[in-house]
Amino acid sequence: MQIRDAVHADLPAILEIHNDAIRTTTAIWDEHEVELDERRAWFDARRAAGLPVLVAEVDGGVIGFASYGPWRPKTGYRFTVENSVYVHPEHRGQGAANALMPVLIDRARAGEVHSIVAGIEAANAGSIALHEKLGFRRVALLPEVGFKFGRWLDLAYLQLTL
Ligand SMILES: CC(C)(COP(=O)(O)OP(=O)(O)OC[C@H]1O[C@@H](n2cnc3c(N)ncnc32)[C@H](O)[C@@H]1OP(=O)(O)O)[C@@H](O)C(=O)NCCC(=O)NCCS
């Protein structure tokens, strides 16, 4: 498995993983799939801001991606980011997130990031275990701030201070 910076050619695969997470999971609290143009705009904005978008590649195919962006827009929050990590459903449990996340954290450390925040649906045991294994600690729980698939969702905040 190779971890590398994403390029434009990876966007269809990133889009497929992203839209699958919208359709089938509570990892993204969105009900509408996005178009390739929107993902391209997201990617270009991240790259223009010097923010990493990493992909995990196996046999020439992208099976997962990880990134971070501003946690909140006001300047006082500029040393804090919010991360995301998504793996193709057919490739989960094969170590892609394990490979992506340490590289993402290294990028944060090498930059000016002081704190990484992960907002995770409280019942997403896999993602919570992944982040805790990487040193993130649960710092907050916001009950019933989301609604998807006909039910309320709780948001757990996990944080890694670098
Ligand atoms: C959460 C997710 C990113 C994990 O990616 P993955 O490549 O399947 O994870 P890995 O195989 O690298 O496993 C990494 C660690 O995550 C945890 N983990 C992953 N899947 C798990 C599961 N089903 N149950 C419990 N722990 C799990 C474990 O701690 C694991 O470490 P270990 O193998 O040493 O025990 C992936 O399942 C996914 O994309 N899920 C849907 C989207 C999502 O929830 N994204 C996170 C949003 S906050």
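Predicted model: local features only at pLDDT ≥ 70, side-chain atom pairs only at ≥ 80, totals over all residues.
By class, the shell is made up of nine nonpolar, seven polar and two charged residues. Among the 18 residues around the ligand, those that come nearest are Val-87, Gly-93, Asn-98, Asn-124 and Lys-133.

Two of them use the protein backbone. At Val-85, a backbone N or O atom lies 2.9 Å from a nitrogen atom of the ligand, while at Asn-98 a backbone N or O atom is placed 2.8 Å from an oxygen atom of the ligand. Asn-98 also belongs to the group of residues that come nearest to the ligand. The side chain of Asn-124 takes part as well, with a polar atom 2.7 Å from a ligand oxygen. The ligand would expose 900 Å² if taken alone, and 71% of that is buried by the protein. The space that the ligand takes is the largest pocket.

Turning to the fold as a whole, the protein contains four helices and seven strands. Followed along the sequence, these elements run in the pattern β-α-α-β-β-β-α-β-α-β-β. The radius of gyration is 15 Å, close to the 15 Å given by the globule rule for 162 residues, so the protein is as compact as a globular protein of that length. The C-alpha trace spans about 40 × 40 × 30 Å along its principal axes.

Key: Residues numbered from 1 in each chain as written. Heavy atoms only, no water. Near = heavy atom within 4 Å. Polar contact = N/O pair within 3.5 Å; in protein donor to acceptor, adjacent residues only side chain to side chain. Areas by Shrake-Rupley, 256 points an atom, 1.4 Å probe, with all protein chains shown as cover. 1 Å grid on protein atoms, 1.4 Å probe; cavity = no way out; pocket = protein on both sides within 12 Å on 5 of 7 lines; lining within 4 Å. Sits in = over half its atoms within 2 Å of the grid points. Nonpolar A, V, L, I, M, F, W, Y, C, P; charged D, E, K, R; others polar. Helix = DSSP H or I, 4+ residues; strand = E, 2+ residues; numbered from the N terminus. Rg over C-alpha atoms; globule rule 2.2 N^0.38 Å.
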